[in-house]
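Hello,

I am passing a structure on to you today, as promised. Please have a look at it first, and then read my notes below.

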Amino acid sequence: MRRLLIFVCLVGLQFGLLSISKAGGWATTPITKLPDTIIAGQPFQLEFSVLQHGTKPTNGIGDQPIKPLLTAEHATSKEFQQVWGQQVGEVGHFQAILQLPSAGEWEISIKPMPFGTIEGEVYRITVQPAPPSENNWWYVSVAAGGLSVAFGMGLLIKRINR
């Protein structure tokens with residue numbers, strides 16, 4: 001009986017130590033700055049923090065620097081992009097430049113490697129459609145020429161009818 005009790009205690013201790021070894025090694029990645037309006041096809045800057053255990057800003061674990069991987073996926077078409085974030089400024093502050101090709105709802109997730117085995121938060125953003133091209137001088141000139149021709153034809157017809 002005594003051997004069984006010692007065996008159970010050792011097995012319990014082993015599982016306890018295993019769970020402690022898996023503890024830690026997680027981080028949160030809150031977005032700190034996002035533009036008010038995001039336009040399809042136009043680059044924008046996204047700023048975020050990496051907080052070890054959700055509280056302490058960090059740039060790495062020991063001698064391993066953090067390299068955040070951002071993944072943006074369109075909610076309906078499932079097209080996606082991945083970019084790497086860069087550390088800027090103070091400890092734990094990062095940024096990435098994104099250019100999302102189409103309008104609609106996009107989901108952005110940030111995995112701060114080597115914390116990357118943990119699923120981080122998913123942020124949902126709305127991308128506005130690109131405005132029509134402002135380079136329409138050609139259409140305006142054609143329209144103006146057409147109006148000039150129509151006006152001239154009107155004057156010519158009026159003169160012929162006299």
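There is one aromatic pair in the structure; rings of Phe, Tyr and Trp (its six-membered ring) count as a pair if their centres lie within 6.5 Å, and planes under 30 degrees apart are called stacked, over 60 edge-to-face and the rest tilted. The pair is made by F48 and F94, and it is stacked, with 5.8 Å centre to centre and 15° between the planes. It links distant parts of the chain, since F48 belongs to strand 3 and F94 to strand 11, 46 residues apart. Strands are DSSP runs (E, at least two residues), numbered from the N terminus. Both partners are buried, F48 with a relative accessible area of 0% and F94 with 1%; buried means under 20% relative accessible area, exposed over 50% and partly exposed in between, with a 1.4 Å probe and protein chains only.

A word on the model: it is predicted, so local features need pLDDT of at least 70 and side-chain atom pairs count only at pLDDT 80 or more, while totals for chains, interfaces and linings use all residues. Residues are numbered from 1 along each chain as its sequence is written, and side-chain values use heavy atoms, leaving out hydrogens and water.

Four strands form an open sheet in the order 9-8-12-13, with antiparallel pairing; two strands pair if DSSP finds at least two bridges between them. Strand 9 (80-84) and strand 13 (122-127) are at the edges with a single partner strand each, so one side of each has no neighbour in the sheet. Strand 8 (residues 67-74) and strand 9 run antiparallel and are joined by five bridges. Across this pairing, L70 stands opposite V83 and E73 opposite F80. The hairpin of these two strands has five residues between them, and K78 takes a positive phi near 65° there.

L70 also turns up in the largest nonpolar core, which has 21 residues; L46, L70, I108 and I125 have the most contacts inside it. Such a core is a set of buried Ala, Val, Leu, Ile, Met, Phe, Trp, Tyr and Cys residues joined through side-chain atoms within 4.5 Å. Strands 3, 8, 11, 12 and 13 each supply at least two of its residues.

Enjoy exploring it!
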